[in-house]
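Morning, everyone. I have one structure to walk through today, so please bring it up on your screens.

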Amino acid sequence: MQEEVRPAGCGHKGRQWLSVRWHALLRRLRRLPFWLRLGIAGVGAWFLLLVALDRVFPPPPLDPAYARVVLDSQGKPLRAFADTSGVWRYPVTLAQVSPRYIEALLGYEDRHFWQHPGVNPYAMARGIWQWLRYGRAVSGGSTLTMQVARLIEPYQRSIPGKLRQMARALQLEWHYDKRTLLTVYLNRAPFGGNLEGVQAASFAYLGKSAAKLTHAEAALLAVLPQAPSRYRPDRHPERARAARDKVMQRLVRQDTWSESVWELGRIEPVLARGHFTPMEAPLFARLAANSQPGALVHTTIDGDLQRWLEDRVESYIRRFPEQTSAALLLVDNQTMAVRAYVGSAEYGNLRRHGYLDMVQAIRSPGSTLKPFIYGLALDAGLVHSASLLSDAPRLGSDYRPANFTGAFQGPVTLTQALQQSLNVPAVQVLEALGPDTLVNRLDNAGVRLALSDKPNPAIALGAAGIRLEQLVALYSALARQGQVAMPVWLAGQQAVSRPLLSPGAAWIVWHILSTQGRADQPFASEATGRVNRLAWKTGTSYGYRDSWALGVSGRWTIGVWLGRPDGTPLPGFYGQSAAIPLLLSVYSRLGDTSPLPAQPNTVSEAEICWPLGRRISATQAGTCLQHQSAWLLDERDPPTLPDPMDWPSPLRKVAQTGEGKPTLARCSDAEGFAWRALWPLSLEPWRRLDERRQRLLASHCAGEAHGADQQAPIRIVALGEGNLIRSQRYRLQPRVLGGIGKAHWFLNGERLRWDGDQVLSAAGRYQLVVVDEAGNSDRIEFRLENPS
């Protein structure tokens, strides 16, 4: 038989076809008996009524306003931010819940959940009969779908309310599939207090995910929503045990669980933690929750490590004044993922300003920027690792810093200057590099300093603002071939790298910082066989307001800040004493076995000469006064930086006798000339007498003489080198011989402004330096003891 084809168009032919089909249907209905036609009309009317009611009274939305839950890298909650009603709901899917819980829930609450249309007539009839017979409710007739209807739309416990609940259940089954409705129950079932949903209850009471429940735990959580207050395991463990056992017995009778499950489950104790809202990494969690929308915020935090570090910082801070706080940040260098984030020492402690996130606070960096000053200078070809730097008074400059320890050390290598965090050499190199260059290069790498003025040399000592997060990003570049990337804390987030240093410069700086001693490893690696894998640097801001410690290994970068959040000084505490012990204890806990950063092929080792700073092969005979071993970058051996108080060239051509010795005779009697290498003028007091200019430059006939070369050297008199003075109050009254112009005095690195004497009462070692207006200087050291 040929199949009838409906016209495709909607014009005259289409309407004609519909009219024919409609009349044919009416003719067939007229042939039916009257009672059957009446029944069909009634069913149609009921159907139309139900459709109309469904449109007028649609089901409430199923998805609740979930809490914001911040999770660690293993999916465990760190902190939950309740919804607008103060309820903590942890969203979960059916696949994320243990099958044991689903078995317990359906076996105890609704065995025929997958078959009934939302209402179980048999269960309802049984419940009504038992109520009529015993005068009370013996077993409930509600299905899980009816309970979902009550959860999304509460009603009064009455017959009209029950009928309304049943109608909603049927409506829900019409609109949604069974798995969707079961998921709604898993997320909205009440578990006591402000807990809703099995996942929230599992973490709150049992400290684990609902995916890892035992049979006994699954039975407990299945029965708990029946009477949350009565069966709360943290308040009524015996009631909870009895209810749990009842569920397990029923499932055994149903052959859902085996008898062995019952035997093992019944002896499992009810050990519930106190009902709580998770509050781990609270300041970090707030930051993460504000960074990403959604109910679940997945982060990179290592929850176990985070908890240990929070406890470690809290216990460590107790040795400091009560207004003190601390912060710590730990990142994985490979991905720059944050593994631990401690924003304050004691969250909630008002005395310690525990609500302030000091990882994000802008503070003075102290000396922590020095490694990057030297690293950029290495890349610029200004210095190498053994460059001769001057740690001496700086009269030829507008900025004249002193060292943290007070005294000057004279000639030092770049390595010594960085390891000892000397201030004057860092400023010397920054002036050669240019403060603008430092600020711009950091800015290009994604680290913008907070400046109150235009860039200046004081930045080397902390005259800027920076966050701990930024410092950690900078120091991680030492193990990441000079690439800077800001830490990331959201799962799946990719770090964005920007260049700051060349791989060679980064490695040289890392190597310098890793070869200094560590307080927690007092014996040399040659004796213990323990290889130091950590490069570290400390810093202290002006007035002891901020103590810093930064550590970098092949895998980890750790940053520690300690101080008072309100910015008041913390006298007597500085990076070396306050921050580095915490950093070293944390690093020891990590058990780091990562490989050391590999030496790039752009780095080589060579012997260089002082005072000129060039390789031996590039130094004229007789001008190599001292050998140093240096790391060179790209085979470059830049000369010693010029002394602003000295001649442009450190070489002098002098007359000498036939035996090659400088002569004091008239130049016409000299038999030859030779080149002499001069130490920077500011370093004269630290050289032997035979290395000073008056001996090296016995004659100046070979060229124009410099005024300072011709003058008698300045000398301190009335106090001898190495003198031991016993006095309770010693009046220092030194005098000088020689020199040009006014004498400038420095005691332990501090400029003295006096009228001829200075009273000393504190016992200890003192360094006295005098500098004239031409840059000539002299130095003595003495010791003062207070007689008993």
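Two strands count as paired if DSSP finds at least two bridges between them. With that in mind, look at strand β1, residues 68-71: three bridges join β1 to β5, and the two run parallel.

A caution before going on. This is a predicted model. The chain averages a pLDDT of 85, and 82% of the residues score at least 70. Residues 1-9 fall below 50, and that stretch has nine contacts in the model beyond near neighbours in sequence. Residues 702-708 also stay under 50, with 13 contacts beyond four places in sequence.

Back to the sheet. It is open, has three strands in the order β2-β1-β5, and its pairing is mixed. β2 (77-81) and β5 (296-298) are the edges; each has a single partner strand, so one side of each is left without a neighbour in the sheet. From one strand to the next, the twist averages 15°. What lies across β1, β2 and β5? Helix α13, residues 282-289, running at about 65° to β2.

Next, the other sheet I want to show. Five strands form an open sheet, ordered β20-β27-β26-β23-β24, again with mixed pairing. The edges here are β20 (724-726) and β24 (750-751), each pairing on one side only. β20 runs parallel to β27, residues 777-785, and three bridges join them. Find isoleucine 725: opposite it in β27 stands leucine 784.

Now two helix pairs. First, α5, residues 144-152, and α6, residues 159-175. Their axes come within 8 Å and cross at roughly 105°. Angles of 65 to 115 degrees count as roughly perpendicular, and α5 and α6 are therefore roughly perpendicular to each other. On the α5 side, the contact includes Met146, Val148 and Ile152; on the α6 side, Met166, Ala169 and Leu172 are among the residues met. By class, this contact of α5 with α6 has seven nonpolar, three polar and four charged residues.

Arg241, Arg244, Asp245, Met248, Gln249 and Val252 of α11 meet Glu259, Trp262, Gly265 and Arg266 of α12. That contact has three nonpolar, two polar and five charged residues.

On to aromatics. The structure holds twelve aromatic pairs. Take phenylalanine 408 and phenylalanine 746: the ring centres are 6.1 Å apart and the planes stand at 80°, so the pair is edge-to-face. Phenylalanine 408 sits in the loop between β8 (388-391) and β9 (410-413), and phenylalanine 746 in strand β23 (residues 744-747), so the pair ties together parts that are 338 residues apart in sequence.

Last, two backbone details. Where is the cis peptide bond? Between tryptophan 610 and proline 611, with omega about 5°. Proline 611 belongs to the loop between β15 (603-610) and β16 (626-633). Then histidine 353: its phi is near 55°, a positive value in a residue other than glycine. Histidine 353 is found in the loop between β7 (337-342) and α15 (370-379).

That's the tour. Over to you.

Conventions:
Residues are numbered from 1 along each chain as its sequence is written. This is a predicted model: local features need pLDDT of at least 70, side-chain atom pairs count only at pLDDT 80 or more; totals for chains, interfaces and linings use all residues. Side-chain values use heavy atoms; hydrogens and water are left out. Contact means heavy atoms within 4.5 Å. Helices (H or I, at least four residues) and strands (E, at least two) are DSSP runs, numbered from the N terminus. Ala, Val, Leu, Ile, Met, Phe, Trp, Tyr, Cys and Pro count as nonpolar, Asp, Glu, Lys and Arg as charged, and the others, Gly among them, as polar. pLDDT is the predictor's confidence in each residue, from 0 to 100. Rings of Phe, Tyr and Trp (its six-membered ring) pair if their centres lie within 6.5 Å; planes under 30 degrees apart count as stacked, over 60 as edge-to-face and the rest as tilted. Axes are lines fitted to C-alpha atoms, for helices over the stretch in contact, and angles run from 0 to 180 degrees between N-to-C directions. Angles under 35 degrees count as roughly parallel, over 145 as roughly antiparallel, 65 to 115 as roughly perpendicular and the rest as oblique.
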